[in-house]
Amino acid sequence: MPTLPERILTLFATYHIRREKVLADLDAIYAPDVRFVDPFNDVTGKDRFLRINENLFKRLREMRFDDLALVGEEPHFMLAWTATIEGPMGLTITAPGVSEFRSESGVVVYHRDHWDVLSSMAASVPGVRKLYPRLTAMFFER
């Protein structure tokens, strides 16, 4: 039987293919009181976490994860990825990131997604794409 990290890796690899069918897998491997944190959410409870994923399927044309790399093992492991997110108006965002997982008794109790929303979104908008590096340079370059 695959380990929890291997199951998570498979889930991410097939997320865009299986879409709503992934919800049953999430339900099976996440604890009832899981805490999920990403740039948009900080929720506790599997019901709320599943609702976030249901809403993604309703709102997005596609969300896929490529370049997957699993690091570590239970109870604390990470999965590096590159997400491609296609919104309803055709805007596509490509964002590298990492999901951090903590587990207890074979289920995920903590899941945090780390990714740079601002630069990923800025890079996907043609007019902003050229302006964003100049703006950030004003703050971070000498």
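Strands are DSSP runs of E of at least two residues, numbered from the N terminus. By this assignment, Thr94 lies in strand 5 of a model that is predicted. Thr94 has a relative accessible area of 43% and therefore counts as partly exposed, since that class lies between the 20% limit for buried and the 50% limit for exposed residues. The C-alpha atom of Thr94 is 9.8 Å from that of Met63, a residue 31 positions away along the chain.

The protein chain contains five helices and six strands, and from the N terminus these elements follow the order α-α-β-β-α-β-β-β-β-α-α. Of the 142 residues in the protein chain, 38% are buried. Among contacts with a separation of 6 or more, 46% are between residues 24 or more positions apart.

In soluble globular proteins, nonpolar side chains tend to be buried together. In the present model, the largest nonpolar core comprises 30 residues, and Ile8, Phe12, Leu26, Tyr30 and Phe101 have the most contacts inside it. Two or more residues of this core come from each of helix 1 (4-18), helix 2 (22-29), strand 1 (30-37), helix 3 (46-59), strand 3 (62-73), strand 4 (76-86), strand 5 (92-104) and strand 6.

Within helix 1, the buried residues include Leu4, Pro5, Ile8, Leu11, Phe12, Tyr15 and His16. Beyond its neighbours within four places in sequence, Ile8 is in contact with Ile29, Tyr30, Phe77, Leu79, Phe101 and Val108. Phe12 marks a bend of about 35 degrees in helix 1. Arg19 follows helix 1 and has a positive phi, near 45 degrees.

His111 belongs to strand 6, which spans residues 107-115. The relative accessibility of His111 is 3%, so this residue is classed as buried; the cut-off for that class is under 20%. The side chains of His111 and Asp113 are joined by a polar contact of 2.7 Å. When neighbours within four places in sequence are left aside, His111 is in contact with Phe12, Tyr30, Arg35, Phe36, Val37, Phe49, Ser99, Glu100 and Phe101. Phe12, Tyr30 and Phe101 in this set are also among the residues with the most contacts inside the largest nonpolar core.

Definitions and conventions: Residues are numbered from 1 along each chain as its sequence is written. This is a predicted model: local features need pLDDT of at least 70, side-chain atom pairs count only at pLDDT 80 or more; totals for chains, interfaces and linings use all residues. Side-chain values use heavy atoms; hydrogens and water are left out. Helices (H or I, at least four residues) and strands (E, at least two) are DSSP runs, numbered from the N terminus. Buried means under 20% relative accessible area, exposed over 50%, partly exposed in between (1.4 Å probe, protein chains only). A polar contact is a pair of N or O atoms within 3.5 Å; within protein, one must be able to donate a hydrogen and the other to accept it, and residues adjacent in sequence count only if both atoms are side-chain atoms. Contact means heavy atoms within 4.5 Å. A nonpolar core is a set of buried Ala, Val, Leu, Ile, Met, Phe, Trp, Tyr and Cys residues joined through side-chain atoms within 4.5 Å. The bend at a residue is the angle between axes fitted to the seven residues ending there and the seven starting there.
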